[in-house]
Structure formats: C-alpha cells, structure tokens
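Colleague: Can you take me through this model? Strands and sheets to start with, then the core.

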Amino acid sequence: MSQSSTAPTLASSVCEVSQQYETPLFPTGCIFKIVLLSTHGDRFYLGLNSLELYDENNAEIALNDDNASAVPRDITELEGYEQDPRVLLKLFGRRRQDESHEWLAPFTGPNSAIDQHRSPNTIFLFFDEPRTLSRISIWNYCKTPARGAQEIEVYADDVLVYKGHLRIAPPFPAPKDSADEDDYDAQAAPPLGRRERERAGRKRKSARRRSSGGNGKSASDDDLECEQCILFTNDPAVLHAKKHCVYDPDDVLLDSNVVFIDEGRTLQGAESDDASKLQRPFTAVRRRPQRGEG
C-alpha cells in the first residue's frame with residue numbers, strides 16, 4: 001500500500017494512465033455522485049456487485065448506510081420485493097460469489113423500458129468533511145450480466161471527473177440443482193431482439209475470456225476478475241497494481257442502436273416501445289442449499 005500523501009495542487013494535473021476519460025489527480029469533495037446511464041442490454045433492472053473508494057493514501061474509505069444513498073435505492077422499492085436481499089448495503093464490504101450479496105434496482109432514465117421519465121440511477125456518497133480520491137474500484141453485476149451497468153459518470157461536488165463504460169461481468173456458475181425454475185432470472189429475461197441477443201452473447205464470451213485467462217470458466221470466489229478501476233493518481237505502486245484493471249477503450253463494444261422511423265420521426269431505444277404495454281419481469285435469488293440438504 002502506498003503512503004504517499006502529498007496530492008498535486010495543479011488543477012491541470014491528470015492521471016498518466018490511458019483511460020476512457022482524462023481524469024484529474026486526486027479529486028476532492030464532500031459529495032460524490034455515480035450516475036449509471038445504461039445497462040448491458042436489460043431495460044428493466046440495473047445492478048452492481050461491489051463498489052470501493054480509496055483516499056489519497058490508497059486507504060479504503062468506509063462506506064455504509066450512514067454515508068451512502070441511491071435513487072432509486074434498490075429493488076425493495078418495488079411491490080413484492082420488500083424482503084429481497086439485493087439491497088444497497090450489499091454494495092459495500094467483502095465481495096462474494098453469492099447472488100444475494102449484490103445490489104439491484106429498478107432501471108430508470110431514458111434508456112429504461114418503463115421509467116424513461118425518471119432521472120437515471122444514481123449512487124450518492126456523502127461525507128461531513130472533504131475526501132480526496134486516488135481510485136474507484138467497481139465490480140459489475142454477475143447474477144444476470146446484462147443487468148450490469150455500462151455507461152457511467154462520476155462527479156465530485158457536481159464536477160464531472162470521469163465518463164466512460166464498464167465491462168460486462170462474467171456470470172456466476174450455474175448451480176448443480178436447477179429444478180426450481182422460478183428462481184432464475186433467465187426464465188424472465190426481457191424480450192431482446194436477435195441482434196441484441198447476439199451482441200450480448202459476444203460480450204459475455206469476451207468477458208469470460210478476459211476474466212478466466214481464456215479458458216471460458218466463470219469467476220471464482222478468490223478472484224472476481226471483473227474488478228474495474230478508475231484511477232485518479234500517478235502513484236507508481238497503485239498504477240503497477242491496478243493498471244490492468246483499467247478498461248481499455250479499444251475493448252469497448254458500443255451497441256449500434258437500432259433506429260426506428262415513425263412517420264418521419266426517428267425513435268431510438270425505449271422510446272420506440274409503448275411503456276404502458278410493458279411489464280417488469282420477475283427476478284429472484286436462488287436459494288442456497290442448507291447444511292444437510294442435497
């Protein structure tokens with residue numbers, strides 16, 4: 001861990017690592033905002049596996065219910081999901097290969113299927129005193145990778161400090177016993193077109209290769225290779241340890257949106273659907289076998 005605590009004072013200083021956005025060194029603020037603008041294909045739900053912030057000394061900043069919020073907060077805002085374990089608090093703390101230890105929320109904003117007129121999903125992190133960042137680490141949603149966040153923006157006290165895309169995560173391994181069909185999101189996947197399914201399939205295969213050294217296996221408990229870093233430092237120790245976690249802009253596969261024409265008016269994405277006819281699909285966490293079962 002680096003103990004370099006002297007942050008550059010030049011406003012023009014930027015991180016030397018090539019990223020999708022030229023990030024400033026050590027952004028400081030009392031409120032950090034992470035705006036999630038799109039998913040990897042799902043238009044009803046959006047989620048993340050884990051989120052970590054690190055200060056100018058590369059020490060992790062404690063995040064919990066006291067200094068974190070989200071709009072919408074999580075899936076428990078939906079009727080019938082009040083007891084769903086995929087709540088906001090699961091974003092913080094030890095990462096696990098556990099479907100119940102992720103964060104999931106209704107997908108909102110112009111790219112969603114139902115809630116186009118609401119603001120995009122936003123995570124708020126607020127502190128009593130200014131905090132300085134050296135990096136952000138994000139693990140994308142694994143249970144249903146298409147529900148992972150794709151386009152994101154990061155703000156420090158309403159100043160944009162990053163804009164880019166997140167890589168799709170490798171999925172959790174399928175359980176040995178798949179008898180309970182109601183527990184699978186796959187049984188209620190949103191209706192995607194053929195091209196969308198093909199693009200999502202290519203992205204999943206590419207993510208598996210990157211996260212497993214090319215052998216196609218899913219992520220493991222010890223090494224969830226879907227960590228993605230946003231760097232705000234030139235500390236050599238941090239760059240050496242985390243440079244490989246920066247999503248290479250050359251790997252970004254932007255979806256070529258299907259364009260619809262209605263009486264001379266161009267419609268794209270969710271705007272082309274009649275939201276009143278769409279229903280949010282059911283989602284649930286697979287129940288893990290208890291000791292003595294199976």
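Modeller: Terms first: strands are DSSP runs of E, at least two residues, numbered from the N terminus. Two strands pair if DSSP finds at least two bridges between them. This is a predicted model, where local features need pLDDT of at least 70 and side-chain atom pairs count only at pLDDT 80 or more, while totals for chains, interfaces and linings use all residues. Residues are numbered from 1 along each chain as its sequence is written, and side-chain values use heavy atoms, with hydrogens and water left out.

Colleague: Fine. What is the strand order in the open sheet of 5 strands?

Modeller: The order is 3-5-1-7-8, with antiparallel pairing. Strand 3 (68-71) and strand 8 (159-165) are the edges, each pairing on one side only. From one strand to the next the twist averages 20°, taken between axes that are lines fitted to C-alpha atoms, with angles from 0 to 180 degrees between N-to-C directions.

Colleague: How many bridges join strand 3 to strand 5?

Modeller: There are 4, and strand 5 covers residues 121-132. In that pairing V71 stands opposite T122 of strand 5.

Colleague: And the sheet of 4 strands, what order does that have?

Modeller: That open sheet runs 4-2-6-9, again with antiparallel pairing. Strand 4 and strand 9 (227-231) are its edge strands. Neighbouring strands here are turned by 35° against each other on average, direction ignored. Strand 2 and strand 4 pair over 4 bridges, and L48 stands opposite W103 in strand 4.

Colleague: Core next. Which residues touch the most other members of the largest nonpolar core?

Modeller: L51, W103, I123 and L125, out of 32 residues. Such a core is a set of buried Ala, Val, Leu, Ile, Met, Phe, Trp, Tyr and Cys residues joined through side-chain atoms within 4.5 Å. Buried means under 20% relative accessible area, with a 1.4 Å probe and protein chains only. Strand 2 (45-54) is among the elements that give two or more residues, and its 4 residues are the largest share.

Colleague: What does I123 touch?

Modeller: Its contacts (heavy atoms within 4.5 Å) include F32, L48, L51, A70, L91 and W103, not counting residues up to four places away in sequence. Apart from this core lies another of 10 residues, among them V17, C229, V238 and L239.

Colleague: One more, S50: buried or exposed?

Modeller: S50 is buried, because its relative accessible area is 1%. The residue lies in strand 2, and its side chain reaches the backbone oxygen of L91 at 3.3 Å.

Key:
Buried < 20%, exposed > 50% of the residue type's maximum accessible area, 1.4 Å probe, protein only. Polar contact = N/O pair within 3.5 Å; in protein donor to acceptor, adjacent residues only side chain to side chain.
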